[in-house]
Amino acid sequence: MRAIPAASLVLLLVAGCSFYDSSRSSSESSGSSSASSASSSGSSASSAARKDSYINDVAGYTEAYAKSGGQFDGFTRGLSEIAQKHGVTDWESDADTFTGIGAGLRRANVPSAQFEVWKQNLTNGDATKATAMQKGYDNATPK
Amino acid sequence: MPVTVDYLAVEANEGYAAGGHVALRLDDTVYHLQNADDGLLRLTRDPTLAFRLQYALFENRPIHVTRLAVDPATADRLRSALTERVMREAADSARLAALDADVALFAALAQDSGTLRLPVRAAAYFRFAPQAPGDNAAVAAVRERFLASAGAGALVRRSAALRAQLAALPLRPADDDTWDWAAAATASTRVRELAEQITALEILAAAPPLRADALLADPGAPPLSPAERAALTATAVQMRGGLAALPDSPRPDWGYALLLGLARLTAIEASLAAGEIRVLDAWPAGDVAPALPPARVRADFFAALDAQTASVLARERATCLGGARCAAYDYARLESALNRRADLLRAVHDGTAPRGSPDLLPPERRLWRDDLALAPHPAAAADLGAARHAALAAREALARQRGYRLVTRNCVTELLALLDAADGRAPARPAWQAIPFVSADALAAQFPVVRRETWPSLRAAAPQATWSAWLAEHTTLTAAGYRPSGRDSTFLFFTDDTVAARPLFGAANLAVGLADGTVGLATWPFDGARRLTAGFKGALFSLPELAFVSLRKGTSAYVTEEEVEAMR
């Protein structure tokens, strides 16, 4: 590759980067069905890994949202989008959601008094959810 | 102790990326920026295995790995920055979709002929007619549980209140020109949420059965074992509690969650009754099957997909039903795996190609309702203009932030910027560092290199022990490692792993491409210019080969389950 003449570099740049493969979500080519099948084959089979991935994404979203100062109403809509990408629609029934929210708030340096307000708003006094949220907050590291 | 970050430089190919591609790998996740249809760079995350499958196997592109040692704090900042960007981009996409939905809403209101059709996700799984009671025991059980806490008559009261709320909803186009986390919900979002809430409560009240075509099964799958039945039963019990609480949820979008949950719960009850796994048909309506690959690889294509879909389904079944109960994310994967399996069986039966899909298929079968009243909206025409302006302004704002630019903002520059920001240094980066393999060398000068390696492409991995085997592996007609997908341009010789013969092979490829393109001039009316395009595109990509530059590598129609397993 390094011996490529300089003029060819222009050609290399012409098409730029890889294109976002929308065919993974539609069907433009025969390769797409095979690729999506293989892709599902290549995804993690471990339930524990999926749980971690879900918690991490919820934490990442919460952290970004809390840093930006957004309001509660918008937060839950965005959270639904994130959860849905993991196949979780009833995210309120999943304690992992609250663990992730707690972790994200801690990472965003939300002080404990403010955290209590978030906890009250989101858990509505449900002890299981509140415990999960507290666990996530306590175990995360502020940044 | 330092941690490692892999910088992945993917070689070029025709089609998707003649310019090469780059990615960063942290832990087992690969992050890379792709050029989306709307002109924006989109940060994509893939498991390492999925990334290798896509680029090295399906696209036949070797991946050069430069493993860099970075301090843990830098890696942590990089991970956070990448995650935050993924989240922000997801929110951007949702916001743009909402603004587009506003345009559609006000356009419909402006043309109001007395009825407005509102989409309700997941409601079309039910054989539903308002006020017509059904006998769905799964839904009825959730209803009784809800009424036990909310009180008799709660469904009627709440449904009426939601209808009144929808009828009085002020409909205004978004007035913000830029996206913001805290932006209020758009008019179309609120309309959709209320329509879904109303329908969810009506379905909860009526308990209609699922439509006959709502469920899919794999007739070849083994029946449910006692342990699997127990796991499904426990899952249903847990779901019932969560679904009964949804109408009291503070989240504004609980309607869809309730509708989909009720449909899934009914599918689980149907599975228990039938003794086999049945799931919702999650394929989007009107999804078109793609073209089949060339006849010479078709049997192997179907055999590979048969093995893959059966293997994934068995694995997801074990993951979902192997424990005490099935987690929501595991159930969604089982549902998608069974959908793919059923679609493959349909494709084999019909002699068509199976459909492509995202890794998780979101079940959204929509019911279009025209019986839900909105407030009269005489200013719809003016608001339509404002809605269009808001959508356009949001797109322009995003294009300024994340629009693809050939040299100054591409997959390389954006990844390097993220890495530099996490590293706390900002070395001067000349324009040529936007070239993938040059950027790898630049990073190697910035960070200690732990290791370099190459992940081979599918064709390069094929055995080439003798001269005859070598030659056979270098023509598209005989190469065992080449499984044409039907998307490649016309060419005869592979030139990517031979330098000396490249101009000679390139000349032959040029001649073959031109000849095929010329024939394509005659076949144009009959094949939609497919041959013409493939021929002249083949000739075009042969020209660099005359100057010792090889871009084209061919693409693969399938990979086998063994090849997937070998990469784990």
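**View 1. The order of secondary-structure elements in chain A.** Read along its sequence, chain A of this predicted model follows the pattern α-α-α-α-α-α-α, with seven helices and zero strands, where helices (H or I, at least four residues) and strands (E, at least two) are DSSP runs numbered from the N terminus. Residues are numbered from 1 along each chain as its sequence is written, and chains are lettered from A in the order in which they are written. Local features need pLDDT of at least 70, side-chain atom pairs count only at pLDDT 80 or more, and totals for chains, interfaces and linings use all residues.

**View 2. The open sheet of chain B.** Six strands of chain B, in the order E4-E3-E2-E1-E5-E10, form an open sheet with antiparallel pairing, two strands being paired if DSSP finds at least two bridges between them. Strand E4 (41-47) and strand E10 (449-455) of chain B stand at the edges with a single partner strand each, so one side of each is left without a neighbour in the sheet. Neighbouring strands of this sheet are turned by 25° against each other on average, direction ignored.

**View 3. Pairing of E1 and E5, and a helix on the sheet, in chain B.** Strand E1 (residues 3-10) of chain B pairs with strand E5 (residues 63-70) of chain B in the antiparallel sense over eight bridges, and B:Thr4 has B:Ala69 in E5(B) as its bridge partner. Helix H2 (residues 72-110) of chain B packs on the sheet, touching E1, E2, E3, E4 and E5 of chain B, where contact requires C-beta atoms, placed from the backbone, to lie within 7 Å.

How values were computed:
Axes are lines fitted to C-alpha atoms, for helices over the stretch in contact, and angles run from 0 to 180 degrees between N-to-C directions. Two residues are in contact if their C-beta atoms, placed from the backbone, lie within 7 Å.
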